[in-house]
Amino acid sequence: MSFIDVIKGRARQDKKTIVLPETSDKRTLIAASKILEEDIANIIMIGKAEKIMDGAKWLELDLAGVHFHINNPQG
């Protein structure tokens, strides 16, 4: 078993939540998809769900299970 596999196993056993703010960046969407696919962590993405899911659809990524938070500084 590789070192990375050991780290991923530990992450699955003590699952944390990761908040991703750069949701318009395709690298963020790809990373979120891989993390969810491997069940390594819970994901919260900052932004409008429709826009994020449109980007994921365009990239043919599965973001099932992601949670969304809309950053609204005005209230």
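Biologist: How many helices and strands does the protein have?

Modeller: This is a predicted model, and the protein in it has three helices and three strands. Read along the sequence, they follow the pattern α-β-α-β-α-β. The C-alpha trace spans about 45 × 30 × 15 Å along its principal axes.

Biologist: Why is serine 33 called buried?

Modeller: The term buried requires a relative accessible area under 20%. Serine 33 has 8%, and therefore counts as buried. The residue is found in helix H2, which covers residues 26-37.

Biologist: What makes the approach of serine 33 to aspartate 62 a polar contact?

Modeller: The cut-off for a pair of N or O atoms is 3.5 Å. A polar atom of the serine 33 side chain lies 3.4 Å from the backbone oxygen of aspartate 62, so the distance falls within that limit. Not counting residues up to four places away in sequence, serine 33 touches Leu61, Asp62 and Leu63.

Biologist: Is threonine 23 buried or exposed, and how do you know?

Modeller: Its relative accessibility is 12%. Buried means under 20%, so threonine 23 is classed as buried. Threonine 23 is found in the loop between strand E1 (16-20) and H2. A polar atom of its side chain lies 2.9 Å from the backbone oxygen of isoleucine 46, which is within the 3.5 Å limit. The residues that threonine 23 touches, leaving aside those up to four places away in sequence, include Met45, Ile46 and Ile52.

Biologist: Why is the pair of lysine 8 and glutamate 38 called a salt bridge?

Modeller: Side chains of opposite charge can pair when their charged atoms come close. The definition asks for a side-chain nitrogen of Lys or Arg within 4 Å of a carboxyl oxygen of Asp or Glu. In lysine 8 and glutamate 38 the closest N and O atoms are 2.8 Å apart, so the pair meets the definition.

Biologist: How many salt bridges does the structure hold?

Modeller: The structure holds four. Among them is that of lysine 16 with aspartate 14, at 3.2 Å from N to O. Another joins arginine 27 and aspartate 25, at 2.7 Å.

Biologist: Why is arginine 27 called exposed, and what is aspartate 25 called?

Modeller: Exposed means over 50%. Arginine 27 is at 60% relative accessibility and therefore counts as exposed. Aspartate 25 is at 22%, and so counts as partly exposed.

Biologist: What share of the 75 residues is buried?

Modeller: Buried residues make up 23% of them.

Notes
Residues are numbered from 1 along each chain as its sequence is written. This is a predicted model: local features need pLDDT of at least 70, side-chain atom pairs count only at pLDDT 80 or more; totals for chains, interfaces and linings use all residues. Side-chain values use heavy atoms; hydrogens and water are left out. Helices (H or I, at least four residues) and strands (E, at least two) are DSSP runs, numbered from the N terminus. Buried means under 20% relative accessible area, exposed over 50%, partly exposed in between (1.4 Å probe, protein chains only). A polar contact is a pair of N or O atoms within 3.5 Å; within protein, one must be able to donate a hydrogen and the other to accept it, and residues adjacent in sequence count only if both atoms are side-chain atoms. Contact means heavy atoms within 4.5 Å.
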